[in-house]
Amino acid sequence: MAVFNEGKLKFKFKEFDVNKMIDTVAANFELRVKNKNGVLITQKLAEKPIINGDEVHITNVIFNLLDNAVKYSNDSPEIKITTENRKGELLISVQDKGIGISKEHHSQIFDRFYRVPTGNIHNVKGFGLGLSYVKKIIDSHNAKIKVESVINKGTKFTILFPQINN
Ligand SMILES: Nc1ncnc2c1ncn2[C@@H]1O[C@H](COP(=O)(O)OP(=O)(O)OP(=O)(O)O)[C@@H](O)[C@H]1O
Ligand SMILES: [Mg+2]
């Protein structure tokens, strides 16, 4: 983050296939979910799965969202990663059935060091940096990120990239 803020972060943009990236990420993350008796499902619906971006940073972004999905699910996390094309955009979403985030916090969770207040006990560790990194990377790609969430039902983060038509 410090490197990023000083403007020293280097991006290596190239065209890559997000469906393939999702397979790699899921393979690397599966053990973490299984250790918590959870399930991780991938649903690769995108027929035009190519974006122009920095594959390392976008991979980190998906890891951050998955890390949160596990951390903020009480037990046996159920996580789904979906890709799809819609209205000239390529969407990647990460959905969980965890504790949820009430609406009043949605605008702040992408701020640096912001964590949803839980009273005295923070039984889940973190710095409140993951989503601010995510937001910076998404902004650098001219992409968008949206959050939909219901308390005690779960959370869905959706990233929308401009679609490449080849
Ligand atoms: N999937 C989720 N379900 C419920 N709450 C979430 C979810 N993702 C993020 N949050 C809330 O948003 C806050 C900010 O998330 P962020 O990833 O930036 O920080 P963190 O997970 O607390 O720490 P770090 O990512 O630095 O380890 C979290 O502290 C949590 O309150
Ligand atoms: Mg986090």
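Predicted model: local features only at pLDDT ≥ 70, side-chain atom pairs only at ≥ 80, totals over all residues.
Two residues are said to be in contact when heavy atoms of the one lie within 4.5 Å of heavy atoms of the other. By that criterion, and leaving aside its neighbours within four places in sequence, Met21 is in contact with Phe16, Glu55, Ile58, Thr59, Ile62 and Ile92.

The chain has 4 helices and 7 strands, and their order, read along the sequence, is α-β-α-β-β-α-β-β-α-β-β. The radius of gyration is 16 Å, close to the 15 Å that the globule rule gives for 166 residues, so the chain is as compact as a globular protein of that length. Taken along the principal axes, the box filled by the C-alpha atoms is roughly 50 × 35 × 30 Å. Of the 166 residues, 43% are buried. When contacts between residues at least 6 apart in sequence are considered, 70% of them join residues at least 24 apart.

The largest nonpolar core holds 37 residues, and the members that touch the most other members are Met21, Leu66, Phe157, Ile159 and Phe161. At least two residues of this core are supplied by each of helix H2 (18-34), H3, S4, S5, H4, S6 and S7. Met21, with which this text began, has Ile92 among its contacts, and Ile92 is found in strand S5.

Is Ile92 buried or exposed? Its relative accessibility is 1%, and because buried means under 20% relative accessible area, Ile92 counts as buried. Apart from neighbours within four places in sequence, the residues in contact with Ile92 are Val18, Met21, Ile22, Ile62, Ile81, Thr82, Thr83, Phe157, Thr158, Ile159 and Phe161. A separation of 9.9 Å is found between the C-alpha atoms of Ile92 and Leu45, which are 47 residues apart along the chain.

Helix H4 can be followed in the same way. Its buried residues are Leu131, Ser132, Tyr133, Val134, Ile137 and Ile138. An α-helix has 3.6 residues a turn, so residues three or four places apart point the same way. After H4 comes Asn142, whose phi is positive, near 55°.

By class, the lining of the largest pocket comprises 16 nonpolar, 15 polar and 5 charged residues.

The second largest pocket has a volume of about 190 Å³. By class, the lining of the second largest pocket has 2 nonpolar, 2 polar and 7 charged residues.

Notes:
Residues numbered from 1 in each chain as written. Chains lettered and ligands numbered in written order. Heavy atoms only, no water. Nonpolar A, V, L, I, M, F, W, Y, C, P; charged D, E, K, R; others polar. 1 Å grid on protein atoms, 1.4 Å probe; cavity = no way out; pocket = protein on both sides within 12 Å on 5 of 7 lines; lining within 4 Å. Points joined across faces, edges and corners; volume = space filled by probe spheres on them. Core = buried A, V, L, I, M, F, W, Y, C linked by side-chain atoms within 4.5 Å. Buried < 20%, exposed > 50% of the residue type's maximum accessible area, 1.4 Å probe, protein only. Rg over C-alpha atoms; globule rule 2.2 N^0.38 Å.
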